[in-house]
Amino acid sequence: MWRSRGFRLWTVATAMALLPLALWLLPESMLFSSYLFSGDLPVNPPTCPANVFLTEVYLTSVWASLLGWNFLVVPLAFALWLITRGRRPSRVVARVVAAYVLLPALLEPVLIAYDLSTVGARCWEVWQPPAAWNLGVYAFQVTYAFLILLAVRPAGPASPFQIRLRRTGWAAVLCCLLFGLIRVDQGPDERFTGADVVMRPIVSNGNHDMGALDEDLLWDTTDDGDEAAREPGCDQWTVIHLSYGDTAPADRERAFICQARDAGGYAARLVRLPDRELLAYGRALCGVVGRPSTEPRVRKLLDQAGAYDWSYALMSALVFLCPEAVARERPELVWSEAEVQRREEQYQAKMTSHCADPVRRLRAVRQGTTALFVGEGGGYVIEDGDLEGDEEASRALGKAYDGILWELTAHRVAVSTAVENDHVCLTVKVVRRAPRVRLKGWETAVETGIGSPSGKLSLTSWEEGEALPDLAVAGPGRYRVRIYARNQQEAAMNTSDVPVEEHLVVVYPGRSKRTVFLPE
């Protein structure tokens, strides 16, 4: 048995089934970059039903996960053949194992043939990136599957059925080899060399008056070529951030190229592609934009781009090629600057509508109520914004720190809030003399002094509220600032979409620098 023809064929087939395990020792770049990242991607690729079935149905099914264990099932079948000395049970198992190996090996060639015969030769552009590698692997698998069938073939003359089956098998092997040699003519090399890029003057567009920029500022090519050259006119989209809605239709492809190369950290492999290839790849991404990144086809395209997921930077570039698809995921990316401003004003008005003046009886020279947005870390600042000079030393806060203040200088008062990256209701009252202290309904109250050499006191946060007036009613001099707060604990634990935390700031002329925690 050890010297038999069947043993030799089984040994060769088992060795071939185990050979792919050796590929795990090779670097990942040698396995994938040679075929996944080579070749141009199709521009406006056709819909190839067999390719869609393979990537979206078959590869994600349970059956696909059960196949591909050839390195395990073939040695087990060989071991059974040795134990039973080639008797009938081992022959049946061997034929089942051969069919197990042949099923996935013959499926993709059949699907490719279906797409090429029904849709046309352009489907090869969709299949091409991994097909050359896959067809070679499948031909390899078909070879050792037939070696298994030959190893368990009964001795003696073959029947007519066996002869026909053998001929059919060799025809299948020949088809696999022919598919592995298919090469579709990709046409002349149309990649950009830089000679066909025309320098166009930058003109004003809406509110973005850019004027004429120095040509040297628009071109920045490194000597070693490690970094991609900046495109002519890219400052419109990479510096000024001209939106899709404000970009002329004729400039949108150029805008995509600029944005894609500016998003190097989020799609690193797109940076060095020539213009035409970059546009082709962008359109390929547009075909799957917004789909889960776990889908095999989507994962492959994102990996080729060097992108982990559908990042904001990547979507900001794709919107110039496929606005309808991007708008389904991020509608704000298709808005013009005017539309963004209008929506921001609408949202601010909606938030402010939930805020009211908590001390209507207190008459003020100037006043304002708004929903103030506090950014990262929370808080807002009352300061003399025109004051320039070295950084001031902070004053001792004492008990006030436990209340609401977190920084004090001669010309600056920093107030903390319980929330961050959210809105608080804020009312400002500017009066000419100290009002009566009203603590009812308030959880915290602090009063301190501040100087305004310029005669301009402002309250600022992540973004300034338009309803807030200048706080220096008496011009240059010293002022007292009284700050009330409530609902801070509730706001810190609340997930409401409307402002919960409430602040009242009262400012009036006063010379004292003392900081007091009310009541005191």
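In this predicted model, strands β3 (residues 405–409) and β4 (residues 412–415) run antiparallel and are joined by four bridges. A hairpin of two residues connects β3 to β4, and within the pairing E407 stands opposite A414 of β4. Strand β3 is mostly covered, since four of its five residues are buried.

A further set of strands builds an open sheet of six, in the order β1-β5-β9-β8-β6-β10, with mixed pairing. Its edges are formed by β1 (366–374) and β10 (516–518), each of which pairs on one side only, and the twist from one strand to the next averages 25 degrees. Strand β1 runs antiparallel to β5 (residues 422–430), to which nine bridges join it; T369 has T427 in β5 as its bridge partner.

Among the helices, α13 (residues 296–305) has V298, L301, L302, Q304 and A305 buried. Seen down the axis of α13, these buried residues fall within an arc of 160 degrees, so they line one face of the helix. The residue that follows α13 is G306, with a positive phi near 75 degrees. On the surface, by contrast, W69, L72 and L76 form a nonpolar patch with about 310 Å² of accessible area together. Of these, L72 lies in helix α5 (residues 70–83) and is partly exposed, with a relative accessible area of 42%.

The count of salt bridges comes to 15, and three of them are set out below.

| Salt bridge | N to O distance |
|---|---|
| R254 and D275 | 3.8 Å |
| E339 and R343 | 2.6 Å |
| D470 and R366 | 3.8 Å |

The side chains of R254 and D275 meet in a salt bridge that links distant parts of the chain, with R254 in helix α11 (residues 252–262) and D275 in helix α12 (residues 275–286), 21 residues apart. Both R254 and D275 are buried.

E339 and R343 both belong to helix α16 (residues 337–352), where, being four residues apart, they are separated by about one helical turn. R343 counts as partly exposed, at 34% relative accessibility.

D470 and R366, whose side chains also meet in a salt bridge, are 104 residues apart, D470 lying in the loop between β7 (458–460) and β8 (477–486) and R366 in strand β1. D470 is partly exposed, with a relative accessible area of 29%, and R366 is likewise partly exposed, at 29%. Salt bridges that share partners join R254, R261 and D275 into one network.

Definitions and conventions:
Residues numbered from 1 in each chain as written. Predicted model: local features only at pLDDT ≥ 70, side-chain atom pairs only at ≥ 80, totals over all residues. Heavy atoms only, no water. Buried < 20%, exposed > 50% of the residue type's maximum accessible area, 1.4 Å probe, protein only. Arc of directions from axis to C-beta. Patch = residues over 30% accessible without salt bridge, like charges linked within 9 Å, V, L, I, M, F, W, Y side chains within 5 Å. Areas by Shrake-Rupley, 256 points an atom, 1.4 Å probe, with all protein chains shown as cover. Salt bridge = Lys/Arg side-chain N within 4 Å of Asp/Glu carboxyl O. Pairing = 2+ DSSP bridges. Axes fitted to C-alpha atoms, helices over the stretch in contact; angles between N-to-C directions.
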